[in-house]
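The following is a walk through selected parts of one protein model. Please keep the sequence and the coordinates open while reading.

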Amino acid sequence: MLSEISSNTEVLVRLSSFVGLFALFAVWELVVPRRTRQHSKSVRWLNNLAIMVLNGLIVRLAIPLAAVGTAVAAQNQNLGLLNIVEMPAVMAIVVAILALDFILYLQHLVFHHVDFLWRLHRMHHADLDVDVTTGLRFHPIEIVLSMAIKMAAVLVLGAPVQAVIAFEVLLNASSLFNHANIYIPEKVDRILRYFIVTPDMHRVHHSVVRQETNSNFGFNVPWWDYLFRTYRAAPQAGQIGMNVGIEYFRTTRDLWLDHLLIQPFRKRTG
């Protein structure tokens, strides 16, 4: 029963926050965009949203337990570090969120440097513009692998249920925010970068230049990039002059759902 309640709570919280934030950033992009759109918005949005829906269905069918259910099971069985080590509940939640964020950073790093994993992840990078829908565009196999890694991390950590729900909401919010094509004044962006990954910071990661692609791996907080020297302040060509995407997936046809799904199995590895 607890697992069912927690799962329903997670879905409700994530869905409501997703709808609200997606609408906010979509309007912000429309009113004050950071970069001029280079390709058809209707084609990109239709297919990026389609793969988000497909991924949601696959996760619910293939991994019904998911991260929150794993946290409930760990709590019931007293499994994981945070269920063994005594500490205040608030501290356990903060530690779990930061630990999960660090694991996500490491996962992202590995997905860029292991060929098979990069072939999966590069579909996300092959978007020809970067906007709020790019944060939803991941290959289904990558989504399943990511969820399996997250479930294992939750189990080992013994992450509190509240921490997992909060982390999932933060992850959704940050993915929408740091991919959004929104203008933030440079002085404000410079301050924000001490605490969160901003769109200008993350956009460097979507550069067509491979050295720039292999930087700024953080999603929620930028601290791991600072600590492990994977931070890059700006693209060499500047935010307006930079090209985004993958150099050999640059046609409008590459933006369609069927091509997104088969892209990891195409010959060019990047």
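Asn181 is found in the loop that lies between helix H8 and helix H9, the latter spanning 186–192. The model is a predicted one. Although Asn181 sits in a loop, it counts as buried, because its relative accessibility is 9% and the cut-off for buried is under 20%.

The polar contacts of the Asn181 side chain involve two backbone nitrogens. The side chain of Asn181 reaches the backbone nitrogen of Arg34 at 3.3 Å. A polar atom of the Asn181 side chain also lies 2.9 Å from the backbone nitrogen of Arg35. Leaving aside residues up to four places away in sequence, Asn181 touches Glu29, Val32, Pro33, Arg34 and Arg35, together with Val130, Asp131, Val132 and Arg203.

Helix H8, on one side of that loop, covers residues 161–179 and packs with helix H3, residues 66–77. The two axes come within 9 Å and cross at roughly 165 degrees. An angle over 145 degrees counts as roughly antiparallel, so H3 is roughly antiparallel to H8. The crossing of H3 and H8 is right-handed.

Which residues make this contact? From H3 they are Ala67, Val68, Ala71, Val72 and Gln75, and from H8 they are Val161, Val164, Ile165 and Glu168. By class, the residues of the contact of H3 with H8 are seven nonpolar, one polar and one charged.

Another part of the model to inspect is helix H5, residues 89–113, where Phe111 has its place. Is Phe111 buried or exposed? Phe111 is buried, because its relative accessible area is 3%, against a cut-off of under 20%. Not counting residues up to four places away in sequence, Phe111 touches Leu117, Trp118, His121, Glu142, Leu145 and Ile149. Phe111 and Gln239 are 128 residues apart in sequence, and their C-alpha atoms are 24 Å apart in space.

Helix H6, residues 115–125, is mostly covered, with nine of its eleven residues buried.

Notes. Residues numbered from 1 in each chain as written. Predicted model: local features only at pLDDT ≥ 70, side-chain atom pairs only at ≥ 80, totals over all residues. Heavy atoms only, no water. Axes fitted to C-alpha atoms, helices over the stretch in contact; angles between N-to-C directions. Helix = DSSP H or I, 4+ residues; strand = E, 2+ residues; numbered from the N terminus. Parallel < 35°, antiparallel > 145°, perpendicular 65-115°, else oblique. Left-handed = near helix turned anticlockwise from the far one by under 90°. Contact = heavy atoms within 4.5 Å. Nonpolar A, V, L, I, M, F, W, Y, C, P; charged D, E, K, R; others polar. Buried < 20%, exposed > 50% of the residue type's maximum accessible area, 1.4 Å probe, protein only. Polar contact = N/O pair within 3.5 Å; in protein donor to acceptor, adjacent residues only side chain to side chain.
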